[in-house]
2 protein chains.
Amino acid sequence: MKVSVPATIANFGPGFDVFGLCLEKPRDVIEVELSGEIRVEVKAYSVPEEPEKNIASVSALSLLKILGIESGFKMKIKKGIRPGSGLGSSGASALGGALAMAKLLDIDDRELIIKAALEGERIASGEAHGDNIIPALFGGFTILKSLSPLEVFKMSPKLKLVVVLPDVEISTRRARQVLPKYVPLSDAVRNIALASSLVLALKENDVKGVGQLLDDHLAIPYRKPLIPWFDKVRKAALEGGAYGVSLSGSGPAMFAIGENLKDIGKAMVEAFEEEGD
Amino acid sequence: MKVSVPATIANFGPGFDVFGLCLEKPRDVIEVELSGEIRVEVKAYSVPEEPEKNIASVSALSLLKILGIESGFKMKIKKGIRPGSGLGSSGASALGGALAMAKLLDIDDRELIIKAALEGERIASGEAHGDNIIPALFGGFTILKSLSPLEVFKMSPKLKLVVVLPDVEISTRRARQVLPKYVPLSDAVRNIALASSLVLALKENDVKGVGQLLDDHLAIPYRKPLIPWFDKVRKAALEGGAYGVSLSGSGPAMFAIGENLKDIGKAMVEAFEEEGD
């Protein structure tokens, strides 16, 4: 059984821990078959091959355990999404492992698959939020209202964007730790206004509107010390014609919305490169 | 010049200080003509007739001042919206005064009208938020992104609801004072999920969905001491078949969404009456 799981943009502007967008690429490809032993083989980006440390195999093991099935498996992973990129690399592996195993066993209970995938994600980031798993599973643009019970709203907007990934890594765990437990009520109100306007703009296919509604007051301001180049790259994108720019997940990847995506991407890459000197 | 301004539901579930819904009735009717003196006459619900204490005349005076026009006026107000009801009574008077004067002077600059109306609202509640003025002016369902510069998104959903108004008053000022300056980030996230899902449900004319997305974690929990009957009336409405229930503005009015609105309203009225015994 072979599945292919795409990269995703979690948070997406003002939708911290709520909004997610499924991308077309890059992807993780995971192949699994039942076996007497447990063996994991990884190609492309390097991640652990020990079954208890590999996210995809932990998810697959978790699904077997939930179902009370005792079996080993051989798993082949083509890790196409760079770990620590902010593009949902661990979420894709976690979902891929659970999904491949579920398909092999002819199971399509989404809640079960998500539950198993969350176990896999937990070993990667300490906490499991599902904010990458959900858009990867549902596709399109997702609003995660609740994980348990599972309540997800989905839209399928026509949205083109450019994603730029610099050669640095951000620890998801660290990016969680810098967030405050309490935030100003006024900032919560600002994000509610932005997030709900953004849903309306998406629904009306107003690409410019979506771009102009990407501000965030709840997570990115506190993460600035981890992403010192954020303002510079954002400025370069806006000067390059972008309608709006934001961080993908907890970064370092950033994305921009606009018309001339090639030029915007180039301007962002140049800003990253200057910063790297 | 005569204008009629409707009652409004501010906050609307998870959209504290952001969402507003324009109702068909009740309404304030305000008539104004230029005059050598300044005189205000009020019918129906009783509010001050002193020009510097009457919300509508303060708004009208404020518009004249902004425009640099020195003139008096005669104003007749039919105050159809009960003050302290949570139905945007002061917002309607504030908008009505500014709007009637603007029409008399052949001005239709929305930002100017809102600016003058906010001055009127300020004398009522200490602070001016515009969360009733905006839906009353724009009609339909409004998402207030920013007052200055004015950025409002409007939807025109087909939405029927029942509003129940008990014979108590809530001070808007007090209802503001009980709110915390800081709120848990997790509550902000919950409201973002609810508010953005609600916009999607409205856009898709999913009345049941809208009803089920009215929870709020940012304002109502802190206002509970001012509205001790809230849970009881809410429960009665849900048991009466409502999809969802919430507070209108800072109360005491409550509204419910459902099919059999007459029965739901009756159940809510009965719960209010039991509480009043």
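## Basis of the model

Residues are numbered from 1 along each chain as its sequence is written, and chains are lettered from A and ligands numbered from 1 in the order in which they are written. Because the model is predicted, local features need pLDDT of at least 70 and side-chain atom pairs count only at pLDDT 80 or more, whereas totals for chains, interfaces and linings use all residues.

## The interface between chains A and B

In the interface, 29 residues of chain A are in contact with 29 residues of chain B; two residues are in contact if their C-beta atoms, placed from the backbone, lie within 7 Å. On the side of chain A that touches chain B, β5 (141-146), β6 (151-155), β8 (182-184) and α6 (185-203) each supply at least two residues. The largest share, 13 residues, comes from α6(A). Helices (H or I, at least four residues) and strands (E, at least two) are DSSP runs, numbered from the N terminus. By class, this side of chain A has 21 nonpolar, four polar and four charged residues. Here Ala, Val, Leu, Ile, Met, Phe, Trp, Tyr, Cys and Pro count as nonpolar, Asp, Glu, Lys and Arg as charged, and the others, Gly among them, as polar.

Two strands pair if DSSP finds at least two bridges between them. V183(A) has V183(B) as its bridge partner in β8(B). Of the interface residues of chain A, 100% are also interface residues in chain B, so the copies meet through the same surface.

## Domains of chain A

Chain A is divided into domain 1 (2-153) and domain 2 (161-276), with bounds that come from an automatic or database domain assignment. The centres of the two domains, taken over C-alpha atoms, are separated by 24 Å. Between them, 19 residues of domain 1 are in contact with 27 residues of domain 2. Strand β1 (residues 2-11) of chain A gives the largest share of the domain 1 side, three residues. That side has seven nonpolar, ten polar and two charged residues.

Eight of the ten residues of β1(A) are buried, so this strand is largely enclosed by the rest of the structure. A residue is buried if 20 or more other C-beta atoms lie within 10 Å of its own, exposed if 12 or fewer, and partly exposed in between, with C-beta atoms placed from the backbone. Nine bridges join β1(A) to strand β2 (residues 19-35) of chain A, and the two run antiparallel. Within this pairing, C22(A) in β2(A) is the bridge partner of T8(A).

## A three-stranded sheet in chain B

In chain B, an open sheet of three strands has the order β7-β10-β9, with antiparallel pairing. Its edge strands, β7 (161-164) and β9 (244-247), each pair on one side only. Neighbouring strands of this sheet are turned by 20 degrees against each other on average, direction ignored. Four bridges link β9(B) to strand β10 (residues 254-257) of chain B in the antiparallel sense, and A256(B) in β10(B) is the bridge partner of V245(B).

Two helices pack on the sheet. Helix α9 (residues 230-239) of chain B touches β9 and β10 of chain B, and its direction makes about 155 degrees with that of β9(B). Helix α10 (residues 261-276) of chain B touches β7 and β10 of chain B, and its direction makes about 20 degrees with that of β7(B). Axes are lines fitted to C-alpha atoms, for helices over the stretch in contact, and angles run from 0 to 180 degrees between N-to-C directions.

## Two residues of chain B

G20(B) is found in strand β2 (residues 19-35) of chain B and counts as buried, with 30 C-beta neighbours inside 10 Å. Leaving aside neighbours within four places in sequence, G20(B) is in contact with residues including T8(B), I9(B), D131(B), N132(B) and L144(B). The C-alpha atoms of G20(B) and I9(B) are separated by 5.5 Å, the two residues being eleven residues apart along the chain.

D215(B) is found in the loop between α7 (207-211) and α8 (220-223) of chain B. D215(B) is partly exposed, with 16 other C-beta atoms within 10 Å. Not counting residues up to four places away in sequence, D215(B) touches G13(B), P14(B) and L194(B).
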